[in-house]
Amino acid sequence: MNKYRILQFLFFLLFCTGAGLLLHHLVIVPERNQKNIETLKEEFSEDASGDPSPEGEDPLPSGEEGGIGSVDLLALQSRYPDIKAWITIPGTGIDYPVLQSQEEEPEFYLTHDYRKEYDANGSLFFQADCDLKESENLVIYGHNMNSGAMFGRLDSYTDAAYCREHLTIWILTPEGEAAYEIVSVTKADPSMLPFTQVDFPGHDGILSYVDQAKRLGLFETGVSQPYYEQTLTLETSSYEWKEARTVVVAVKKAAE
């Protein structure tokens, strides 16, 4: 075999290895991750546990258009205590448990799944200092995966029409289910918008945060409320500049 054929063989081998790794990370790992999440929902559905939703309470909407599902969060937490909530945005494919690690290792779930096993997709997770009951701003992080897993589809929100079709984010916690409506979608870093703050100074601190997020917004979402009880901020990596992030800010919808 001459040197030319050896080089051809080596380049072919390199190509096959690269293609295999790409297939593994973009297809196999995300599919396995999604199957694990679907299995988790099935295993801990309220129907499976035999504990129906309280009378008059709607089940948790699914991340797929038109689908309705439910999660027995208390049963889920008894097995996996770090799962603090479940997030669903109907029609977007975002339908995941939200975890929270200890402050000593705040980014643990950036590279681990709900079973605490290594996973390149990581998990969606609350910032370590978030208190679901007390914090004015609930901050959720997730990888911007090329496969669309986790917050890989969050960039779709930079399109105004898409955003207005998927304005409502549902969060299920042990206290119940709450709806949040999106008031701003922006590209920002912490020097431009304090989206990592879980509480704001002053009586009107949360109002100032929402107003600032709206001013930085790529467009008007059409959502406005006279009073803000709590905000929800979704954040994932972006690549316009070194610290750039795609940031989606939503406000808790007032009970009717």
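I began with my criterion: I call it a salt bridge when a side-chain nitrogen of Lys or Arg lies within 4 Å of a carboxyl oxygen of Asp or Glu. A note on the source: this is a predicted model, where local features need pLDDT of at least 70, side-chain atom pairs count only at pLDDT 80 or more, and totals for chains, interfaces and linings use all residues. Residues are numbered from 1 along each chain as its sequence is written, and side-chain values use heavy atoms, with hydrogens and water left out.

**Entry 1: the pairs**

How many salt bridges does a search of the whole structure find? I got 10.

I looked at Asp113 and Arg115, whose side chains meet in a salt bridge at 2.8 Å, N to O. Asp113 is buried because its relative accessibility is 5%, while Arg115 is partly exposed at 34%. I also noted that Asp113, Arg115 and Glu117 are linked in a network of salt bridges.

Next I checked Asp82 and Lys116, whose salt bridge has an N to O distance of 3.7 Å. This pair links distant parts of the chain, 34 residues apart: Asp82 is in the loop between helix H3 (73-79) and strand E1 (83-89), and Lys116 is in the loop between strand E2 (94-99) and E3. I take helices (H or I, at least four residues) and strands (E, at least two) as DSSP runs, numbered from the N terminus. Asp82 is buried at 16%, whereas Lys116 is exposed at 52%.

Then came Lys133 and Glu175, which meet at 3.8 Å, N to O. They too link distant parts of the chain, 42 residues apart, with Lys133 in the loop between E3 and E4 and Glu175 in the loop between strand E5 (168-173) and strand E6 (176-188). Lys133 is exposed at 60%, and Glu175 is exposed at 54%.

**Entry 2: the negative patch**

Which residues form a negative surface patch? I listed Glu103, Glu104, Glu105, Asp129, Asp131, Glu134 and Asp199. Patch residues have over 30% relative accessible area and no salt bridge, and like charges are joined within 9 Å. Asp and Glu count as negative, with the charge placed at CG of Asp or CD of Glu.

I picked out Asp129, which sits in the loop between strand E3 (124-126) and strand E4 (137-141). Asp129 counts as partly exposed because its relative accessibility is 37%.

Terms used: Patch = residues over 30% accessible without salt bridge, like charges linked within 9 Å, V, L, I, M, F, W, Y side chains within 5 Å. Areas by Shrake-Rupley, 256 points an atom, 1.4 Å probe, with all protein chains shown as cover. Buried < 20%, exposed > 50% of the residue type's maximum accessible area, 1.4 Å probe, protein only.
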